[in-house]
Amino acid sequence: MKNIGEFGLIDRISTHFTAPAGVTGIGDDCAVIPQKSGLDTLISTDLLVEGRHFLLEDVSPRDLGWKSAAENISDIAAMGGRPESAFLSIALPGSLDAGWMDGFIEGFASLCKRYGVQLLGGDTSLSPDRLFINITVTGSCPHGSAKLRRTACPGDIICVTGTLGDSACGLQLILERRGAAKRPCATQPLPEKDAEYLIERHYRPIPRVEEGIRLSSNPAVHAMMDVSDGIASDLRHILDASRCGAAVNLPELPLSESLQRFCLSRGTDPYSPAVEGGEDYELLFTIKPGADAGVPCTPVGTITEGKGGIEWLGGSKKDYKGFTHF
Ligand code: ADP
Ligand code: MG
């Protein structure tokens with residue numbers, strides 16, 4: 001599997017199936033299934049593996065519950081849908097007790113309640129060693145209004161909501177504090193409130209549900225997805241699906257003051273966490289030039305005629321890579 005990568009593997013799986021006419025299947029943030037009611041059903045599923053997606057010794061059960069729900073609800077937000085229900089399958093190692101599960105489900109439920117999402121089922125098993133969590137979330141949107149990855153047009157402006165890279169810096173801080181990551185020579189101390197903010201952004205992401213719904217009703221918005229793996233990786237999915245290229249202006253990236261102080265304190269490039277760091281769960285979308293997005297957002301670049309490549313402008317590095325499995 002190492003030689004074909006995560007997306008090569010998904011391509012191989014997808015060759016055995018064809019989505020029925022009118023259905024969006026493998027390849028976007030959610031499947032989109034039209035219903036007779038005039039709504040489309042959105043469905044997304046994600047697998048979280050201990051040691052891969054989270055470190056059990058570092059994360060509180062409440063934060064893990066919150067984050068697991070947020071990641072999945074974010075995929076519904078990425079299409080512009082309203083999340084409705086969830087299914088939770090969990091394989092628990094014997095080392096975790098009922099108190100741990102109480103904390104996990106409290107965190108999970110508190111994020112779900114914000115959006116009126118009800119847990120409707122799942123499965124529970126003992127795991128020989130690690131914790132595995134699989135969550136499926138469903139949602140809906142008016143028929144035909146889901147924003148896909150394949151509909152970007154050359155000339156579109158690329159925009160993002162919120163700020164990028166905070167979650168990656170939060171993770172770096174968590175690893176440094178555990179002694180698992182080396183802290184580069186500090187040039188300036190980092191105020192504790194910045195550390196708290198960045199760690200909160202890592203453990204308690206807020207999916208952009210209301211922004212997604214507003215963007216989905218805006219005809220000038222062409223393509224959309226959520227930022228789970230860093231825009232260096234995620235923007236490529238829009239480009240591959242839409243058969244376009246992009247130019248991104250690094251100095252225009254929305255960076256929080258905490259991220260800027262964090263990178264200054266470590267003497268590192270602030271653009272790297274912003275484009276390569278994952279788990280921000282902001283929305284990345286393309287919009288007709290001159291149009292009003294109707295939500296707070298920052299323009300960061302342009303869609304071009306090129307084939308799949310990203311030109312990084314205004315920085316010293318010419319290439320950035322986001323996160324992929326394998
Ligand atoms: P996201 O990061 O938005 O959750 P992924 O990168 O995990 O999306 O997946 C990309 C697409 O590939 C999605 O449409 C997803 O449903 C599909 N996919 C991923 N793994 C599999 C699999 N094992 N079988 C079928 N489809 C898959
Ligand atoms: Mg996604």
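Into which domains is the chain divided? The answer is domain 1 (6-142) and domain 2 (157-313), with bounds that come from an automatic or database domain assignment. What I present is a predicted model, in which local features need pLDDT of at least 70 and side-chain atom pairs count only at pLDDT 80 or more, while totals for chains, interfaces and linings use all residues. Residues are numbered from 1 along each chain as its sequence is written, chains are lettered from A and ligands numbered from 1 in the order in which they are written, and side-chain values use heavy atoms, with hydrogens and water left out.

Let me turn to the interface. The centres of domain 1 and domain 2, taken over C-alpha atoms, are separated by 22 Å. Contact, meaning heavy atoms within 4.5 Å, involves 26 residues of domain 1 and 23 residues of domain 2. Between them the domains bury about 2,100 Å², 55% of it on carbon and sulfur atoms; buried area is the accessible area (1.4 Å probe) that two parts lose on being put together, summed over both. On the domain 1 side, D58, W66 and K67 lose the most area to domain 2, together 24% of what that side buries.

Five salt bridges are counted between the two domains, each being a side-chain nitrogen of Lys or Arg within 4 Å of a carboxyl oxygen of Asp or Glu. D58 also forms a salt bridge with R178, where the closest N and O atoms are 2.7 Å apart.

On a 1 Å grid over the protein atoms alone, a cavity is a set of points where a 1.4 Å probe fits but cannot get out; a pocket is an open set with protein on both sides within 12 Å along at least five of seven lines; and lining residues have an atom within 4 Å of a point. Points are joined across faces, edges and corners, and a volume is the space filled by probe spheres set on them.

The structure holds one cavity of 30 Å³ or more. Its lining consists of L48, H53, F54, L64, K67, S68 and E71, and helix α2 (residues 61-77) gives the largest share, four residues. Helices here are DSSP runs (H or I, at least four residues), numbered from the N terminus.

The second largest pocket has a volume of about 150 Å³. Of its twelve lining residues, Q172, F262, C263, T268 and P273 are the closest to its centre. Two or more residues come from each of α4 (166-178), α8 (257-266) and α9 (271-276), and α4 provides the largest share, four residues.
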